[in-house]
Amino acid sequence: MPWSLNAAFSERTDPATRTRVRAATITQLVLCAIVLGVAALALTNGGPVGRAAFLIGSMMIFAGGAAMLIVPWARLSATWFTVVPLVDIAAIGLMRWAEPMGGFATLWVFPAMWLASVGLAGFIAQAVLIIGLYWLLLATSTQTLWTYGALLLPVVILVVGTTSFFSTRRFVAQQSLLDKQAILLTGALARAQRQEQLVSEVLDAVDFGVIRIGPDGSISVVNEALGRFQRLIPGFGDATRPLEDAYLADGTTPLPSDERPLLRALRGEVFDNQIVWFGAPDQRRWALSMTTRRLRDTDGRDSGCVLIARDVTAEMTALRARDKLVASVSHELRTPLTSVLGYIDLAVDHLDRPDEARRDLDVAAKNGERLLEIVSDILAASSSSRLSMDMTVSPEDTDLAVIVRTAAEAWRARADERAITISVEGIDTAPAYVDPLRIRQVIDNLVSNAVKYNRDGGEVTLGTTTDGESSWVLIRDTGIGISDADQDRLFERFFRARTGVDGTGLGLSISRDIVRAHGGDITVHSASGAGSMFMVRVPVSADAAAVTGGFDAVQEG
């Protein structure tokens, strides 16, 4: 194959050109290191370093080294690539002229190899210039004799140049062969890609996502179903992009970046049915079940793997609904059951005082009745497909003051354990047309929260009032408060404010449903670290309830 200097630089960014530039740079830096060492020895021994010609030659070689590191030779024409070795020939000539007996002529080997590697023109140029300059220096020198050394150096230069020239030719031939093989491989790759495309078309008919990962980690096949997942979930199926809002199977624990199914598959791991939730907890979410399998070629060698992603959102939602029902039962039963057990313990302690024991047992009995009512409601809710809770409300004329005082008494023992004061001085007569058991459930929940989220030694203030059309219940605490962001979602089912206190996030949602079923509402005013204040508004009479639209679902018992 014909090869010339211009042909070598016709593709200035090809691997061969970059290799030649890299080799030339190394050659020049080695030459600089040798000259630097000689100059250091000469400085120590008082040699030729003081001579201007030696200094000029040394600086020319160092300048060539700097140029090789700075100038982008691969993007310049071929002519510029020969400037540095030509300058080196002249610089070594100056050093040889400054110190004829220093042996500097042997340094011509470096530019000789360089010029010979760029083609036939370079090979001829280096031979003519170096040998001619060497003989010229011998002819003009008065310190050297014409001996066999006058022929030995030219022979060495010719041998080195010839070796470099033919080595470079062999390298170019090998590169050409590799290019031809690359063309053949490209054709084979195209055929393989067509076959994989056929497989992809078949896979597009299925409703689960498939990713084919090659042994080198490249993704070669992605079916249509997985493409839909990628459009829904940013970063899914792309190892180079971060995966946001990804959670473990529980739906709340963030998925560690190194546990991403795709990254695990790329690491060669095999796993079954890894559940990952995508989407923020307060937004629409998708649950995917992912499985990987290793593949083998005809020789039994590893051929990559396949990752299968299946949409299991409906299945996981059903399971989570079951878990939420269990959590709801647990939450709704805990409050009255705790009160029952607490007052039974007090009654046991007061066996020697029958009046106090009877009072404690009366409180426990009332909470037991409320517990039975809650169980009935939860059973009714479990048979409904709606998100809101179905309930039976039986309103009657009631005094809210009695309900609030009873709730305060029920929670006083728990508050005393943490030295929390429950103040009832603001409780005044407040007539209301409500279901006493339902409203007691609301007040108990709010008082429970006021105690639970309060600080030790804090205070809970309870109050009731009326304006003739509506009656209000006020519950204020000196606790940790609620941030503005959390207040916007406080009454959503299963939402938990960032307080660090355990709970299911059901109590306030159910309480609001109950109050709204009466034609009233619950409002909250709070700030982080400044406590909270809840206000419950209910109608004072049946006529007032009709005006507000309450008791639409009333079923008279």
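Student: Let's start with Ser164: which residues is it in contact with, leaving aside its neighbours within four places in sequence?

Tutor: Ser164 is in contact with Met113, Ala116 and Ser117 once those neighbours are left aside, where contact means heavy atoms within 4.5 Å. Ser164 sits in helix α8 (residues 149-203); helices here are DSSP runs (H or I, at least four residues), numbered from the N terminus. Keep in mind that this is a predicted model, in which local features need pLDDT of at least 70, side-chain atom pairs count only at pLDDT 80 or more, and totals for chains, interfaces and linings use all residues. Residues are numbered from 1 along each chain as its sequence is written, and side-chain values use heavy atoms, with hydrogens and water left out.

Student: Why is Ser164 called buried?

Tutor: Buried means under 20% relative accessible area, exposed over 50%, and partly exposed in between (1.4 Å probe, protein chains only). Ser164 has 14%, so it is buried.

Student: And what makes Val348 partly exposed?

Tutor: Its relative accessible area is 49%, so Val348 goes in the partly exposed class. Val348 belongs to helix α11 (residues 313-349).

Student: Why does Leu55 count as partly exposed?

Tutor: Because Leu55 has a relative accessible area of 40%. Leu55 is in helix α3 (residues 52-70), and its C-alpha is separated by 8.7 Å from that of Ala39, 16 residues apart along the chain.

Student: Pro261, then: buried or exposed?

Tutor: Buried, because its relative accessibility is 4%. Pro261 lies in helix α10 (residues 261-266). Leaving aside neighbours within four places in sequence, its contacts include Phe271, Met290 and Leu307.

Student: How do you know that the span of α5 agrees with what a helix should give?

Tutor: The expected span is 1.5 Å times one less than the number of residues. With 16 residues (83-98), α5 should span 22 Å, and its end C-alpha atoms are 23 Å apart, so the two agree.

Student: What about α7, how far does it reach?

Tutor: Helix α7 (residues 120-140) has 21 residues and reaches 30 Å from first C-alpha to last, close to the 30 Å expected.

Student: Why do you say the buried residues of α7 line one face?

Tutor: Among them are Phe123, Ile130, Tyr134 and Leu138. Seen down the axis, the buried residues of α7 fall within an arc of 135°, so they line one face; the arc is that of the directions from the helix axis to the C-beta atoms. The face turned away from that buried side carries exposed residues, including Leu120, Val128 and Thr140.

Notes: Helices (H or I, at least four residues) and strands (E, at least two) are DSSP runs, numbered from the N terminus.
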